[in-house]
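Colleague: I have not worked with this structure before. Please take me through how to read its features.

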Amino acid sequence: MNKTIVVSELQFKAIRSSGAGGQHVNKVSSKIELSYNINTTKGLTLFEKDCVLEKLSNKINKENTLILQCDESRSQHKNKELAIKRFLNLLENALVIPKKRKASKPKKSAIEKRLKSKKRAALKKVNRRKPDLD
């Protein structure tokens with residue numbers, strides 16, 4: 001993934017933010033909507049595009065555009081920075097390939113220890129019973 005190319009391909013749109021803030025909210029467009037088209041990007045390889053499309057499918061629309069919104073700050077510039085950070089973090093996490101799990105057997109000592117504890121618990125329960133007087 002080439003971050004500089006990816007960041008240069010981002011498209012931003014300023015929207016009026018919702019929530020508390022009084023008159024300021026009604027006058028200023030401080031909310032940022034970041035959109036990134038995965039099909040047309042040159043910053044990702046085909047394999048990386050497939051990984052992103054698969055792992056971030058719930059955040060991608062039908063036109064294969066990833067859309068993020070940020071309205072945490074009252075400043076448009078701060079929201080833009082936060083959206084870019086969040087976007088890059090999302091991409092990096094989507095491109096991480098998890099290690100394959102290797103099946104392993106428990107050690108003999110662990111098996112013996114488990115069986116001994118089971119025997120101990122069983123004996124404890126047997127001793128709680130009423131004695132047979134036959």
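Modeller: We will go through the sheet, the salt bridges and a few single residues.

Modeller: This is a predicted model, in which local features need pLDDT of at least 70 and side-chain atom pairs count only at pLDDT 80 or more, while totals for chains, interfaces and linings use all residues. Residues are numbered from 1 along each chain as its sequence is written, and side-chain values use heavy atoms, with hydrogens and water left out.

Colleague: In what order do the 3 strands lie in the open sheet?

Modeller: Strands of a sheet pair through backbone hydrogen bonds, either parallel or antiparallel. Helices (H or I, at least four residues) and strands (E, at least two) are DSSP runs, numbered from the N terminus. Two strands pair if DSSP finds at least two bridges between them. Here the order is S1-S2-S3, with antiparallel pairing. Strand S1 (11-15) and strand S3 (65-70) are the edge strands, each pairing on one side only. On average, neighbouring strands of this sheet are turned by 20° against each other, direction ignored.

Colleague: How many bridges join S1 to S2, and how many join S2 to S3?

Modeller: S1 and S2 are joined by 5 bridges, and strand S2 (residues 31-37) and S3 by 6. Ala-14 stands opposite Ile-32 in S2.

Colleague: Why is S2 largely enclosed by the rest of the structure?

Modeller: Buried means under 20% relative accessible area, exposed means over 50%, and partly exposed is in between (1.4 Å probe, protein chains only). S2 is largely enclosed because 6 of its 7 residues are buried.

Colleague: Which strands does helix H4 lie across?

Modeller: Helix H4 (residues 76-95) lies across S1, S2 and S3, and runs at about 135° to S3. For such angles, axes are lines fitted to C-alpha atoms, for helices over the stretch in contact, and angles run from 0 to 180 degrees between N-to-C directions. Contact means heavy atoms within 4.5 Å. Asn-79 is a residue of helix H4, and it counts as buried because its relative accessibility is 0%. Apart from neighbours within four places in sequence, Asn-79 is in contact with residues including Ser-30, Ile-32, Cys-70 and Glu-72.

Colleague: How many salt bridges are there?

Modeller: Side chains of opposite charge can pair when their charged atoms come close. A salt bridge is a side-chain nitrogen of Lys or Arg within 4 Å of a carboxyl oxygen of Asp or Glu. By this rule the count is 3. One of them joins Glu-92 and Lys-3 at 2.6 Å, N to O. Glu-92 lies in helix H4 and Lys-3 in helix H1 (residues 3-8), so this pair ties together parts 89 residues apart in sequence. Glu-92 counts as partly exposed at 32% relative accessibility, as does Lys-3 at 40%.

Colleague: Which residue forms a salt bridge with Lys-13, and which one meets Arg-86?

Modeller: Lys-13 pairs with Glu-33, with the closest N and O atoms 3.7 Å apart. This pair links strand S1 and strand S2, its residues being 20 apart. Lys-13 is partly exposed, at a relative accessible area of 48%, whereas Glu-33 is buried at 15%. The side chain of Arg-86 meets that of Glu-72 (2.6 Å, N to O). Arg-86 is in helix H4 and Glu-72 in the loop between S3 and H4, 14 residues apart. Arg-86 is partly exposed at 30%, and Glu-72 is exposed at 58%.

Colleague: Is Glu-48 buried or exposed?

Modeller: Glu-48, in helix H3 (residues 46-55), is buried yet has no salt bridge. Lys and Arg count as positive and Asp and Glu as negative; His and the chain ends are not counted. The nearest side chain of opposite charge to Glu-48 is Lys-49, 8.9 Å away. The side chain of Glu-48 does reach the backbone nitrogen of Met-1, at 2.9 Å.

Colleague: Where does Ser-17 lie?

Modeller: Ser-17 is in the loop between S1 and helix H2 (23-27). Its relative accessibility is 12%, so Ser-17 counts as buried. The C-alpha atoms of Ser-17 and Ser-30 are 5.9 Å apart, although 13 residues separate the two along the chain.

Key: Polar contact = N/O pair within 3.5 Å; in protein donor to acceptor, adjacent residues only side chain to side chain.
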